[in-house]
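Notebook open. I want to look up the sheet, the surface and the core, in that order.

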Amino acid sequence: MKRWQQIKGQLNIWVVIPVVTVVLCCLCAVCVPLVQNGHHAFRDLIIAETSLGGGNRSGELTLFAVLLAIGSALTALAAFLWEAKEREFDVKKQHVFQAMLCFLPSLFQLAIYGKTDGRTVVLSAVFSLMLLINYDAFLQQAACFLCIYFAMFSVAAVFAIAFHKHWALDNKVFAGALLLYGVFAICQRTQRKGAKAGAAIIIQGAQLLMPLLLVSFLKNEYAAAGGIETISYPKRYVALIGALVAGLVLYQGYVLLYKKREMITCVTAFCICAFVSYTPAAMLVQGDMHHHGEQLIAWQQIVEFGQKAYDGYAPASGLFPMIIGGINRLLFHGQVTSYAMTMVIFTLLAELLTIWLIYHRVGGPLTVLIAFVFHMPAYCRVWLLLPIVLILSDKRLIERRAAWLLAWVTLIFAQGLYYPMLGVAMLLGTLPAACIIGHSFVKNKALRKVSKGEILFAVILLICIALCMPLLFRMGRHVLALAKQTIDVDGETILGKQVAAFFMPYLGEKSVRTQLYICARFVLGIVPVLVLLFLAVRVSKELFCAQKTDRQKTVAEHRATDRCTPENPGAFLMMTSMPVSMVLYYRYTMVCMDEQWVANLLSRSVFPIVILGGLGLIVFLVEHGITYLSKGSVHALIAVCFALPFLFFFDCDDYSFPYIAGRSDAQSDVLLSYEAKLMPHVVPEGYVRLTDEVRAVYPDVEYARIGEGYVQESALQSLQTNEQWMRIYHSVDQDIRILGFEHSQLYYMLLGEKAVYSGRTAIAKDKAATEQVIRQIDPERTVVRSSVTSTEQYYLYRYLVQNGYVYLPEAKHYVPGALYAGITGRTDGSLAASPFTEPVDLQYAPLSFAKSIDSMKTVEDCGEVPYQVNVSGGMATVVLEKAVDGYAHDLVYLQLEQTTPKRIVLTFPSELCVDGVGRITFRSAGGAVLVPIGMNAGWLLGNQQTFTVQTEDGSDIGIADVKFYHLEDLEEY
């Protein structure tokens, strides 16, 4: 028994998490071969990264789920059994250890990227010295240094914006700040009153200058091909930023003069956060017209054009684009080149809210350090996560039970509208705390104390929710339809991919590098969940133990305390909501492992890890950590949280998904590298300034929607063409709409046209999701761009073919037959020579589908079709005894006899195809393949009796079996 007690005493967080992590890595190494030898289980015919690459995405996610479950079970058990004991530590040794932790950011960078920045190392050394010299005042001293440092940059910002003076400042400002801080520290430590007053003046003056950092958002210089150019911002934008700077200066002065107890102000932290998380306000039409287009057009489509959300028009997951589009329309007349300014305003609002909430929880010095290290990501969908957790875990709000319940419903409802997936995650994550607080609300008969204002607010809230129920139903149907296909459609597989170039380059091409990379991709996202779960179990155990003690009190004693929960309700909410929310968010983000263009190592999953597992955990540890961990463990864990972003972000470009054109600091280090933020905006290659000469070249473009600034010349050419064709279409039928701006949804705003569905069809690939798209299509009045392909949108392609769409080669559009006749005066339209009849390369998709033939619920067996196989000169010709309907026999199942990996070419005769031959290419190593031969309209529209199969290199091939299948038809609309 004594031995068991000793073991339980050793199960602290620093033993449990490393041991469980090693166990998970070992399990990962053992199970990876099993996943590699398995196959992805498709339930529908979907051509995407997983099927084309032949990966096993479902197996990978199953492995991740199993590792997460095992790790969570082991961690929860260890946390429950652990019996915390106070240990005696040598204080000096503990301080030395914590001083060494200051180097964690550089160590993390060296471990993952094989490099770090010299200034970061020097700053770590400076902070270490601060901690060793004056441990108790470390936070204040570090914050004072940062105030001095950023005050010097604020002066540089004024010179850069007002006088267009740019210098190589990073090293000079850093050295100057170190020197001035040395003067400050000497003055502060002296016993002379004058010197102490001088030190106070230095810090107050530095903070008074801090709002000037925001003038960097007024940078109006552009580094274009012709040299440095300037463009004036809209007066409203200049007035808004100017008013913000002036207001912050006045407020800062008021706080410093009349609230001297606040040595470091909230304004200081906000300005630092805004500056280091810099968003360019460049007046450019964004090159990424997909991600930025979907954030701009929602307001236009719903408010200006009157389309019903998720009925006529389906915004990107949630209504978060409505905020961006609304700001853009109300302040900048809906001009596209003002989009970046819109994002600046939206970002500043989000940063102000977040910093204000953190400041009032952890104090000024620590908030400044947080603002310095934790940048606000450009991925705005996660911005409400931390504010919701901080608001709902606020002690003063929890004490007002009715107000808390109203706030809970309001915030979850708002998050659900903003981004539904995170709304559900936050709902389930905060539900345990809501149940406890709600039970206390009823048990203590707190309803009698509800104010009239709270009752009125509750009535208004219920009315709003009731009015939004139809919208919520449509939104839920849309999100669930896309969610069902997520595993098959989104992201990239982990296994079989080349190791990312940034990852541990010092290991070269050694196999251990590949193994470490795979373990990092599978296990790294689990570790923050385990840390949060360990603390959640500790908090829950403490909570229920306290409840048990409370039940032994008399009724009078319990009423006297009048507490809504026995102990630390805020701690309980934070530690139950954050890991649950993170895991639910992983359900989507661990699929989208597109790290090459989103973020390093864990792609979109990085954002909740850093925001909740890093920043949120810091707030928890500061407020409640000492209750559940030793003081040394709390400080060490805070240091790890501060170093966490350095695992995933090396330069500013890593934070900038979706990328905003015009960034001048893309290659800057995330710390102490800010001079590039003051340099002219970078105009990408291929952009031209909108001058009178350019406008004359493209006279049909509606420039009022673009605004002033720069635009890609190719976009102008496309706009000119689309404007001309839309006028032709509208001359025949005023109600014509266009579908299929796949990666350029911004064109709907530039053209002033109504979007069909979301305008982008590639997001809907399976049957259920495609049916939602087709509900919005009028087959007599919807034009479809040639960007809609038979591979990515197979169901939609079949619908278009079945409904008599023809190809208009001059416009490169698929149009209804009546519209074609109205434009050309002919009725001979067809799909001849269209992209629907071009050769298709399906890579490993036929092999993937054949492996899943038994699990495909949408594939129907066509029955026995007699055939004969003739082999001649390395070519196998399949001749059917009777011609079959290509539409009803659109999938062919082949049992191939070749044994080595080959590229296979399947051909068939068709008058619609170029040279009279339809071609489909794929890869196979022998065995079964399921070829969606109907992806070529030449097959789909004909009565077919023969096709040939051969290897691309002409080697021998044999066919052992041939079967035909049919893909289920869509519902009739």
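How many bridges join strand 1 to strand 2, and do they run parallel or antiparallel? I count four bridges between strand 1, residues 221-224, and strand 2, and the two run antiparallel. I note that this is a predicted model.

**Sheet.** I looked up one of the bridge partners. Alanine 224 is bridged to glycine 227 in strand 2. Next I checked the whole sheet. It is open, has three strands in the order 2-1-3, and its pairing is mixed. The edges are strand 2 (227-230) and strand 3 (681-682), and each of these pairs on one side only.

**Surface.** I then turned to a nonpolar patch. Val15, Val19, Val23, Val66, Ile70 and Leu74 make a surface patch of about 400 Å². Helix 2 (13-37) and helix 4 (57-81) are the elements that give two or more residues to this patch. I picked out valine 66, which is found in helix 4. Why does valine 66 count as partly exposed? Its relative accessibility is 40%, so it falls in that class, between the limits of 20% and 50%.

**Core.** Last, I looked inside. The largest nonpolar core holds 348 residues, and Phe150, Tyr237, Phe522 and Phe947 touch the most other members. Helix 8 (residues 138-163) gives the largest share of this core, 16 residues. I followed up phenylalanine 522. Setting aside neighbours within four places in sequence, I find phenylalanine 522 in contact with Cys28, Val32, Glu60, Leu63, Phe64, Leu67, Ile494 and Leu495.

Notes. Residues numbered from 1 in each chain as written. Predicted model: local features only at pLDDT ≥ 70, side-chain atom pairs only at ≥ 80, totals over all residues. Heavy atoms only, no water. Pairing = 2+ DSSP bridges. Patch = residues over 30% accessible without salt bridge, like charges linked within 9 Å, V, L, I, M, F, W, Y side chains within 5 Å. Areas by Shrake-Rupley, 256 points an atom, 1.4 Å probe, with all protein chains shown as cover. Salt bridge = Lys/Arg side-chain N within 4 Å of Asp/Glu carboxyl O. Buried < 20%, exposed > 50% of the residue type's maximum accessible area, 1.4 Å probe, protein only. Core = buried A, V, L, I, M, F, W, Y, C linked by side-chain atoms within 4.5 Å. Contact = heavy atoms within 4.5 Å.
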